[in-house]
Amino acid sequence: MTDDNNLTIRKLTPRECLRLQGYNDDEIDRLTDAKDTNGKPLFPKTKLYFFAGNSVVVDVFAAILGEIIKDMTTPASENRNSLDYWMGAGQ
């Protein structure tokens, strides 16, 4: 909030977005410090937002994959997520 009680919206920085996606500070520093042959940033802010938006959090992916594997190894008669269970095999 500002001094006159107006709400303001603060945009996340590229660093904050990349941290939310699981990048560590060393990786972020390499991206932000990379320069082309003319000394210009190799990855402007828009590209960093693009990286963050198109990445997948590894821990979330691992948890989802773990659940899929658990479902695949559970017999259909005990697996309430299985189509076979709902088609009568679970009775």
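Beyond its neighbours within four places in sequence, Ser-55 is in contact with Gln-21 and Tyr-23, where contact means heavy atoms within 4.5 Å. This is a predicted model, in which local features need pLDDT of at least 70 and side-chain atom pairs count only at pLDDT 80 or more, while totals for chains, interfaces and linings use all residues. Residues are numbered from 1 along each chain as its sequence is written, and side-chain values use heavy atoms, with hydrogens and water left out.

Ser-55 lies in the loop between α3 and α4 (58-73). Ser-55 counts as buried because its relative accessibility is 17%; buried means under 20% relative accessible area, exposed over 50%, and partly exposed in between (1.4 Å probe, protein chains only).

The protein has 5 helices and 0 strands, in the order α-α-α-α-α along the sequence. Helices (H or I, at least four residues) and strands (E, at least two) are DSSP runs, numbered from the N terminus.

The largest nonpolar core has 6 residues: Cys-17, Leu-18, Ile-28, Leu-31, Leu-48 and Ala-52. Such a core is a set of buried Ala, Val, Leu, Ile, Met, Phe, Trp, Tyr and Cys residues joined through side-chain atoms within 4.5 Å. At least two residues of this core come from each of α1 (14-20), α2 (25-33) and α3 (45-53). With neighbours within four places in sequence set aside, Leu-48 is in contact with Pro-14, Leu-18, Leu-31, Thr-32 and Phe-43.

Over the whole protein, 13% of the 91 residues count as buried. Among contacts with a separation of 6 or more, 33% join residues 24 or more positions apart.
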